[in-house]
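Welcome! Take a moment to look over the sequence and turn the model around before reading on.

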Amino acid sequence: MAVIDEFKNKTPEETLEELKTDPERGLSEEEARERLKKYGLNEIPEKEEPLWHRIFRRFWGPIPWMIEIAAILSASVQKWEDFTIIMILLFVNAGVDFWQEHKALSALKVLKQKLARKTIVLRDGKWQEIEARYVVPGDIIKLKIGDIIPADVKLLKGDFILVDQSALTGESLPVTKKPGDIAYANSIVKQGEMIAVAVATGLNTYFGKTVKLVAKAEREQRSHFQEMVIKVGNFLIVITLIIVALMILVELNRGADWRELLRFALVLTVASIPIALPAVLTVTMAIGALYLAKKQVIVSRLASIEELAGVDVLCSDKTGTLTKNKMTVSVPFTVDSYKSEDLMFYAALASKEENNDPIEIPIFEWLKQHGQYEKIKRCQQKKFVPFDPVRKRTEAVVECDGKELVVTKGAPQVIIELCDDTEFDKNVAYQRVEEFAENGFRTLGVAYKKPVEEKFHFVGLIPLFDPPRDDSKQAIAEAKRYGVDVKMVTGDNIAVARYIAKILGIGEKIYSARELRGETYEEYVILAQVITKALLLVEENLPEDEAEKRAQKIAKLVQKELENKKLPSGIVKKHESEIIKLIEEANGFAEVFPEDKYFIVDKLQKADHIVGMTGDGVNDAPALRKADAGIAVSGATDAARAAAALVLLAPGLMVIVRAIEIAREIFGRMEAYTIYRIAETIRVVFFMALSIMIFQFYPVTALMIILLALLNDIPILSIAYDRAKIAPKPVRWDMYEMLIMSFWLGVAGVMSSFTLYVLLEEYWKLPQDLIQSIIFTKLIVAGHGTIYNTRIKDWFWKKPYPSPVLYVANFGTGILGTIIAVYGFGLITPIGWEWAIFIWGYAIAWFLFNDVVKMAILKMYWARKFFFAPGHFTWLKKELGEAGKH
């Protein structure tokens with residue numbers, strides 16, 4: 001609980017007494033110094049990570065270790081060409097990651113910079129300006145228009161201030177504060193002047209609590225991408241080491257030369273470790289990030305691209321995200337013979353355009369749009385009384401065409417009561433006020449009179465609301481079509497939230513965040529309705545339908561009363577599973593605080609959802625950091641952009657939908673490469689090891705293994721530019737599916753290699769050095785074909801077709817490998833063009849067979865029919881399934 005909450009219900013006098021502060025003299029300089037020692041500076045502490053540590057982190061951990069071991073093994077057998085390539089991959093992977101982190105601003109650093117720099121405080125009976133970082137609890141502070149409030153404060157003296165706290169709480173409009181109220185650090189004073197006392201500073205403020213949540217989210221942040229790479233890497237390393245160890249034991253038992261055997265085993269291990277896996281996937285995401293940038297989406301954390309592809313729940317802030325964050329006039333209500341033009345005309349006369357009041361701006365805009373703006377220029381405003389919380393209205397004396405008028409606008413109930421009720425039906429007017437309120441409109445009443453008249457003439461009501469963005473409805477519909485459940489999460493009241501949700505087609509299940517905090521009053525409202533109805537039936541003997549109507553009316557009054565009262569938390573206790581179910585079923589939540597947004601994201605993640613969160617304010621920062629894919633929308637605050645993984649430069653949710661499409665394409669490329677890489681490792685390692693153990697024949701030389709690794713891995717970087725299918729539903733790493741697919745494609749590759757070896761050895765009886773060169777050629781050509789098997793989950797000839805970049809890079813290195821085999825160049829025994837053409841035909845035939853295998857695997861997997869009997873390898877499925885969830 002924030003410190004400010006302790007002072008909400010205390011009077012100014014009780015607050016001053018607790019803080020031991022004299023409101024007339026303030027703190028003494030000596031007391032201020034003591035409190036500064038006790039509470040610390042009024043700033044967000046930030047521990048900056050040293051540059052050396054940021055660099056070192058790139059070379060420490062399972063993924064870098066995997067590459068570094070490969071480099072050490074290469075150096076140990078003095079294969080410096082291989083060592084050089086591996087080190088290049090290591091530094092490319094680390095460099096891209098470091099560049100991305102450097103480009104993204106630190107959320108804590110930006111939040112720290114948001115603190116107010118200067119403020120006026122009362123020290124030793126004198127007002128003085130000091131740096132806000134030296135404000136301490138108990139300081140008497142002067143707040144005036146334009147000030148950023150430096151600490152959480154209790155307001156003491158003055159008429160009122162109008163405070164914009166939208167970036168902290170998500171409310172659409174500035175809030176009126178009067179003596180006895182509290183105000184939050186970093187909210188902005190829009191109108192008025194007051195004296196306040198600081199009650200909390202630094203991390204103890206409401207704002208500081210937001211920062212703590214951001215820090216907590218950073219600590220708990222998980223990367224599904226890194227988990228997947230580690231799982232795949234570990235799997236391939238373990239499989240390779242087991243097979244190589246068996247091969248060494250068998251060959252040593254046969255009396256093989258241990259030096260040559262160890263050298264070959266080390267080279268085979270190096271070639272099998274997926275050293276290019278992190279680099280290829282990182283480059284694929286980096287190139288995807290550049291493409292997203294062209295679509296007005298800036299990526300600050302590369303792994304968020306993969307997360308965005310899997311998002312199945314998108315929690316969207318309302319104000320400024322789904323809506324325009326700009327008040328607009330809805331359909332006005334007028335009485336008697338008055339028209340909408342009259343209503344807006346009188347409202348404008350009771351306003352001051354130069355004040356740029358967010359409530360008054362839409363009135364002038366309406367007049368401009370309807371060609372009525374010039375009409376108000378013919379009137380002169382002689383006197384203007386601004387809005388204040390006591391009168392709850394503005395009033396102006398104006399002269400129009402030589403006639404003087406008094407015009408007023410403000411709270412509808414106040415305006416209605418000032419008017420002559422013989423001129424209009426007061427009940428109808430109140431009914432419309434109620435209807436507007438139920439739809440979440442902010443309503444203004446408008447009236448006028450002649451100076452000599454006592455009563456005003458009621459003109460009508462102006463309903464104001466923050467309208468949805470033009471593309472929000474379509475974007476939500478498209479998101480749902482892609483299997484993404486959109487939930488609205490807003491700090492606004494529940495009536496506003498339900499109205500916007502209804503317009504946008506989000507759904508009708510909008511709940512108050514009180515339900516999450518155990519502060520619901522629904523039970524009390526129902527109880528009030530039941531008791532009232534029973535009393536009316538028994539005591540007044542009313543008909544049941546009449547009793548029901550009156551009971552509903554009283555229940556509404558009870559609800560309104562309870563909305564303004566803070567109920568003890570935990571009255572309604574729910575089990576975590578009930579809360580998660582409530583969040584999953586809800587279409588949105590209103591009246592939320594930053595910790596509620598964080599809580600909602602956290603619970604959805606615990607329910608195995610990949611969660612996206614959009615927002616634009618400081619209040620959204622913790623949830624943006626916590627979410628798997630935090631998205632700062634166009635015009636977001638610095639704090640929101642720093643906390644988010646993706647930053648939108650263009651307005652509207654449609655940008656997010658396009659980003660999801662691109663992310664799913666990028667994911668498709670990454671998945672295709674991963675399956676390819678696992679299949680290739682199985683194909684090469686199993687074939688090599690089994691050939692040595694069964695046939696006592698080395699199918700390729702150590703040099704050929706290095707050439708294979710280079711020719712197969714380097715050109716595959718071009719998969720980052722490949723075309724990919726957009727998945728219709730959210731995607732995530734299914735490790736079990738990938739390994740099943742890779743295993744059987746690998747098995748098919750081993751079968752094709754052994755078939756070729758038997759033909760060459762037994763049928764054509766070729767010399768061993770020529771057989772090695774032919775098999776080397778086959779491994780290169782067939783390996784290049786495997787990527788066309790894995791790139792789409794359909795027959796290889798179906799759309800989307802391979803991109804020219806992938807085709808040229810892949811086909812080009814295949815031809816290069818073939819030329820090396822044909823002419824030898826002193827590296828290997830030349831095979832000539834006849835054998836080369838035969839190998840290409842042989843590889844193509846097996847490529848077609850592999851595609852049949854792939855389709856059979858997919859069909860059986862989708863039908864949940866596997867190649868293993870039920871219960872077999874349960875441990876493997878369970879282990880990989882855990883990774884698959886992420």
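Predicted model: local features only at pLDDT ≥ 70, side-chain atom pairs only at ≥ 80, totals over all residues.

How many bridges join strand S5 to S6, and do the two run parallel or antiparallel?

Strand S5, residues 161-164, is joined to S6 by 3 bridges, and the two strands run antiparallel. One of the residues to look for is Val163, whose bridge partner in S6 is Val175.

S5 and S6 belong to an open sheet of 3 strands, ordered S6-S5-S8 and paired antiparallel. S6 (175-177) and S8 (188-192) each have a single partner strand, so one side of each has no neighbour in the sheet. On average, neighbouring strands here are turned by 35° against each other, ignoring direction.

## Helix H29

Next, find helix H29, which covers residues 654-695. With 42 residues at 1.5 Å a residue, H29 should span 62 Å; the end C-alpha atoms lie 61 Å apart, which agrees. Of those 42 residues, 37 are buried, so to speak leaving the helix mostly covered. Just after H29 comes Gln696, with a positive phi of about 55°.

The largest nonpolar core holds 132 residues, and Ile305, Leu308, Tyr346, Leu349, Phe458 and Ile462 have the most contacts inside it. H29 supplies the largest share of this core, with 18 residues.

Notes: Residues numbered from 1 in each chain as written. Heavy atoms only, no water. Helix = DSSP H or I, 4+ residues; strand = E, 2+ residues; numbered from the N terminus. Expected span 1.5 Å × (residues − 1). Buried < 20%, exposed > 50% of the residue type's maximum accessible area, 1.4 Å probe, protein only. Core = buried A, V, L, I, M, F, W, Y, C linked by side-chain atoms within 4.5 Å. Pairing = 2+ DSSP bridges. Axes fitted to C-alpha atoms, helices over the stretch in contact; angles between N-to-C directions.
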